[in-house]
There are 2 protein chains.
Amino acid sequence: VTVPAEPDFFTVVDTQRALRRFGREPVSDASLRRILTAATRAPSARGAEPWFFVVVRDPSIRAAIGAHYRRAWEAGEAFTVATDADRDVRERPYYPRMMRAAAHLATHLAEAPVLVVCCLDHAQLGPIAGPDGALASPVSAYASIFPAVQNLLLAAHALGLGGTLTTLHRHFEDALKSLLGMPARVEVAAIVPLGHPLDRAGPTRRKPLSTVAFADTWGAPFGG
Amino acid sequence: VTVPAEPDFFTVVDTQRALRRFGREPVSDASLRRILTAATRAPSARGAEPWFFVVVRDPSIRAAIGAHYRRAWEAGEAFTVATDADRDVRERPYYPRMMRAAAHLATHLAEAPVLVVCCLDHAQLGPIAGPDGALASPVSAYASIFPAVQNLLLAAHALGLGGTLTTLHRHFEDALKSLLGMPARVEVAAIVPLGHPLDRAGPTRRKPLSTVAFADTWGAPFGG
């Protein structure tokens, strides 16, 4: 896939896909700067920009994160099997391929040349967090970080790079924060591996719009 | 601001700004379809697409939502004053202007020609939610809706429309769900007012990248 120098907005959005296999080629500083700058353009509550991004390229730190990630993936797989938690999606045509790619990522995370650890600072959320940092409103808190993460993913795709949004770190967050020297008040919201993708981006398939968009009240299809 | 037919991706991202004052001109069905389609291109956990979008254009429903929103805003303002909750941001140069625009929106929400109620279905989150719908991992849950909301906002901006991400509905969510006939298992994540903006979009100012992006460990500036 060749990427035009000034890619069209809707082409970028319509062809974004989770890409989970990466070549060993590094990601340039200029690309990372452009991607991170795009992330910080996102909206946030009170305009506080309560985010931080730790760009992990050091191989030993990547390896340590990768080892935790793999264990969390294996535990998650066991839980899913034990509780039949994927019964609602596993018959969908895309599902086996997606799970194979996700399993590959779980055992090769450290091979992504960059892991961007996306962080939310509870001390910059004003009334959304209490004085102790506990979230008074999780929905409002995460509304101030995932738009930035999405900008990051879209910008990477616009530059011809690949990545995917992961939140498995929730099973090893304390170890991760300790590894990176993060303060207690800051939460990890996502780890985004980035690199030159070995798979192709979209276009993606989605449910018909009329099944997820309603007009004025619940269940009335938005016909457009 | 004129918008090219095929706007460049980075121009759209770099000039996104919360726009909170709208003209009365309606938003076309074609624009709404394009915006909602962009929203559904976002990633989600397990590829489940656990979202719904209720496109509210009915004036009486907008008025009812607007009345709730105004009361929630007033209560929020009183709380902020009582707890001094904006002490960390109120000296920033953008803050008074942002708050004036937000206060305007609070008293004029119903005048936006469209309110998009962005919803997250807890029943489609697999192991991220328990059988009773309670979120086992809020961070993973909201990672499956706010990327879609961000796509929606960016797409609106790409078409020359304006909007802003709001989460004040958390103070009247039960009333809102009842008004729209929403099932218990579905949560409202955001209300996005959309319309033809009376104010101009970006470019926006942000903190220097070196203060929010770190290299390998916390506090080490990402020099790029």
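## Terms and model

Buried means under 20% relative accessible area, exposed means over 50%, and partly exposed covers the range in between. The model is predicted, and over all its chains the structure holds 20 salt bridges.

## Pairs that join two chains

Arg34(B) forms a salt bridge with Asp14(A), in which the closest N and O atoms are 2.8 Å apart. Because Arg34(B) lies in helix α2 (residues 29-40) of chain B and Asp14(A) in helix α1 (residues 9-14) of chain A, this pair joins two chains. Asp14(A) is buried at a relative accessible area of 18%, whereas Arg34(B), at 22%, counts as partly exposed.

Arg46(A) likewise forms a salt bridge with Asp88(B), with 2.8 Å between the closest N and O atoms. Arg46(A) belongs to the loop between α2 (29-40) and β1 (51-56) of chain A and Asp88(B) to the loop between α3 (59-83) and α4 (95-108) of chain B, so this pair also joins two chains. Here Arg46(A) is buried, at 14% relative accessibility, while Asp88(B) is partly exposed, at 34%.

## A pair within chain B

The side chains of Arg57(B) and Asp29(B) meet in a salt bridge of 2.7 Å, N to O. The pair links distant parts of the chain, 28 residues apart, with Arg57(B) in the loop between β1 (51-56) and α3 and Asp29(B) in helix α2. Arg57(B) is partly exposed at 27% relative accessible area, and Asp29(B) counts as partly exposed at 29%.

Salt bridges with shared partners join Asp14(A), Arg34(B) and Arg41(B) into one network.

Key:
Residues numbered from 1 in each chain as written. Chains lettered and ligands numbered in written order. Predicted model: local features only at pLDDT ≥ 70, side-chain atom pairs only at ≥ 80, totals over all residues. Heavy atoms only, no water. Salt bridge = Lys/Arg side-chain N within 4 Å of Asp/Glu carboxyl O. Helix = DSSP H or I, 4+ residues; strand = E, 2+ residues; numbered from the N terminus. Buried < 20%, exposed > 50% of the residue type's maximum accessible area, 1.4 Å probe, protein only.
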